[in-house]
Amino acid sequence: MLAAVDINVMFLALPQVTSALGANSIEQLWIMDIYGFMVSGFLITMGMLGDLIGRRRLLLLGAAAFITASLLAAYSTSTMMLLGSRALLGIAGAAVTPSVLALIRTMFRDPRQMGAAMGVWGTSLMAGIVLGPVVGGLLLGAFWWGSIFLMGVPIMALLLLAGPFLVPESRNASAGRLDVISVVLSLATILPIIYGLKEAARTGWDVLPIATIFVGLVFMVVFVRRQRKLSSPLLDLSLFSSRALAAAALLALCAPLFSGGTTLLATLFMQMVQGLMPFQVALWMLAPAIAMIVVGNLAAATARKVRPAYVLAAGAVLAAIGMLVITQVTSSPTGLATLLTGLTIAFVGGGTVGILSATLIMSSAPPEKAGSAGSLSGTLGEFGTALGVAILGLIGSVVYRAEVSVPAGVPADAAGAVRESIASAVPAAQQVSGQAGADLLNSVRDAFTSGLNVVALVATVLFLGLAVLAIVGLRHVPAAGALPARDPGEAVPAVD
C-alpha cells in the first residue's frame, strides 16, 4: 500500500514544495515522475535479486531504504535533495513490490488460500493508489509538506521489527549470478519507453517522445536476445511458455492501458469542466475505489469456485458497461453524477481483471521463479498505465482540438492557449471578458467532454475484446478450489 501511495502523494503537495524549495517547471515534473520511473526501471532487477538473495531479505532491505529515503525527502532543503530522495524511494518501492508477490506465492501453497492472499494484496495496492491524494491532503492541511513522506516510516519500521519473525525466507537455490549487463539493458529499455510515453501524454507525439521510445525499443530487442542466451536470465522468458501466464500477462498489460487514459481524462473533467479542487476530486474518487476494492475481493473468492476465465470475462464486460455509461457524460452539472456512476461500474470490472490477472501470473509461475513473475506483473502494470495515458490521452486531445471553436474577438494568445490543452484553455478563457469569454469557455468544456466520450467508447470496445481474450486464453484453467494443495517442498509447475 505504501509503495502505491507514493506514486501520487505529491499530487497535492507540489505547490507547497515549489514555494518552499523554489523548483522550476522542469524540476516540478521530475519531482512528480522520478518515483514512478525508478519503480518501473528496477522492478525486473529486484525480482531477480529477490530470487537470488532471498525475498524476505530484499523486502527488509527495501523497507530500510524506504525509511531512509522518506526521512531524507521529508527534510529536504533543496530541489536536488528531494529529487534524489524520491529516486531512492522509487528503488525501495521496486524492491518491496515483487518481494511481496513472491512471498505470497511461496507462503500459500493451497490455491484457495493464495487467491485470498492475492485479494488482500490487490486491495492494499488499490487502496494505496486512491488514498495517496486523500491522506496527502489531510496531512497538508495540518502539517508542512514534508509530513506526507513520514506516514510510511512507522509502518515500515514495524515491518523491520516483525518481518524476521513472521515472514519465512525463500529463494531460488538454483539461481545464478546477477548479470550486470542485463540490468543496464533493462534500465535502457524501460526508462526511455516510460519517459517517452509520459512526454507523449504531456506534450503530444513530438520528435522527443517518439525518439526516446524508439531507443527503448532498440534496447528491448538487445535485452531479449541476451536473455535467451543466458543460463540465469534477469527475466526468464520461458515463463511465457505457459499459455495461462501469457494470457494473464496480456490482461495485466491491457486492463490498466484501457482504464488509465480514461481515468486521467475523468479527473481532468472533474477539475476543468466541473470546477472541482484536486482534494475534492480525490474525495469523489473514493466511491468508485471502495466499490472496486469490495467487489475485487468478491471476484477473487468467486474464482475459487468458478473458472477464472468466466470471472475475468464478466469483469471485462462490466468495465465495458461502465465505459459505455461514460460516453453519455455531458458538460452540464449532471455530468458529474453520470461520470461517477460509469467510473464505479468500470472500476469494479477493471479491479476484477487487475487482481485476477496478477493472481494467475503468480500461480502459473513455479515458486523458484516467483520473483521474476512478481516483477513481470508489476512492470506490465506500469507499462499499461503509461501506454494508456499516452494513447487514449492522444485520442482525447485530437477530438478536443477538432471540436473546440474560438469565437470572434478572442485575443490571439488566448486562442493559442485554448487549442493547446484543456489545462491551459480554461484559465485563458476565463481571462476573456464578455460574451466571447463565456462562449469560449462553454466551447472548451463541451469539446473536452466530447474527447472523454470518444475515449470511453474506444475503451468500451477494447474491454469487450479483453472478455473474448479471457475466454479464449484461459478457459482451460480450473477454479482455484479444484486445484490440490502442494507440499512446501514440491515444485509447482505452470498451470499448463
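**Surface and model**

How much accessible surface does the protein chain have, and what share of it belongs to carbon and sulfur atoms? The total comes to about 19900 Å², with 69% belonging to carbon and sulfur atoms. Such areas come from the Shrake-Rupley method with a 1.4 Å probe, and for residues only the protein chains shown count as cover.

What you see is a predicted model, where local features need pLDDT of at least 70 and side-chain atom pairs count only at pLDDT 80 or more, while totals for chains, interfaces and linings use all residues. Residues are numbered from 1 along each chain as its sequence is written, and side-chain values use heavy atoms, with hydrogens and water left out.

The protein chain has 19 helices and zero strands (DSSP runs numbered from the N terminus: helices are H or I, at least four residues; strands are E, at least two).

**Around Trp205**

Tryptophan 205 sits in the loop between helix H9 (180–203) and helix H10 (207–229). Because its relative accessibility is 30%, tryptophan 205 counts as partly exposed.

**Confidence**

Now for pLDDT, the predictor's confidence in each residue, from 0 to 100. The protein chain has a mean of 79, and 90% of its residues reach 70 or more.

Notes: Buried < 20%, exposed > 50% of the residue type's maximum accessible area, 1.4 Å probe, protein only.
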